[in-house]
Amino acid sequence: MRPCPAGAWRYGVRVTIQPPADPIEALERFLARIAPYDDPAAEPVATVDLRVGRLRGSFRLTDRSARALSEALGRWTDPDDVGRCGGCGGPVDRDLVCRSCGRLDGIFGATVAHHAERVAGHPD
Ligand SMILES: [Zn+2]
């Protein structure tokens with residue numbers, strides 16, 4: 001089966017396929033975006049080398065661009081990170097279930113668990 005291009009229709013259903021992650025291209029775009037604000041005479045203070053398969057990228061960072069990259073990485077939040085379990089501190093998944101102890105967590109999770117207990121206590 002041929003790969004379906006992003007945003008294509010297949011069997012009457014719109015299919016959206018994420019392009020493969022390309023950290024080299026992403027870093028190139030990031031550095032191009034912040035370059036207008038950097039001092040053109042600034043000396044590089046760090047080098048970031050990336051290899052993706054056969055591709056290689058080597059990026060010389062000024063102090064400003066190194067700080068920008070550090071800050072960008074520090075601000076990133078994993079979309080699967082929805083918090084920590086109030087019981088054991090383990091990671092909670094998107095269904096608000098703790099991956100460590102199985103507790104249903106969060107305000108919504110506690111409400112669902114309370115409702116499930118009430119429903120279980122009332123036979124129809
Ligand atoms: Zn837990």
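Colleague: Where is the place of Gly57?
Modeller: Gly57 sits in strand β4, residues 55–62. Strands (E, at least two residues) and helices (H or I, at least four) are DSSP runs, numbered from the N terminus. Residues are numbered from 1 along each chain as its sequence is written. This is a predicted model, in which local features need pLDDT of at least 70, side-chain atom pairs count only at pLDDT 80 or more, and totals for chains, interfaces and linings use all residues.

Colleague: What does Gly57 touch, leaving out residues up to four places away in sequence?
Modeller: Ile24, Leu27 and Leu50. Contact means that the C-beta atoms of two residues, placed from the backbone, lie within 7 Å.

Colleague: And why is Gly57 partly exposed?
Modeller: Because 16 other C-beta atoms lie within 10 Å of Gly57. With C-beta atoms placed from the backbone, 20 or more others within 10 Å is buried, 12 or fewer is exposed, and in between is partly exposed.

Colleague: How many residues does the chain have, and what share is buried?
Modeller: The protein chain has 124 residues, and 6% of them count as buried.

Colleague: Switching topic, which pattern does the chain follow?
Modeller: Along the sequence the protein chain reads β-β-α-β-β-α-α, which comes to three helices and four strands.

Colleague: Which element has the lowest mean pLDDT?
Modeller: Strand β1 (residues 8–10), at 64, while helix α2 (residues 63–75) has the highest, 97. pLDDT is the predictor's confidence in each residue, from 0 to 100. The mean for the protein chain is 85.

Colleague: Where is Ala113?
Modeller: Ala113 is in helix α3, residues 106–121. Ala113 counts as partly exposed because it has 15 C-beta neighbours inside 10 Å.
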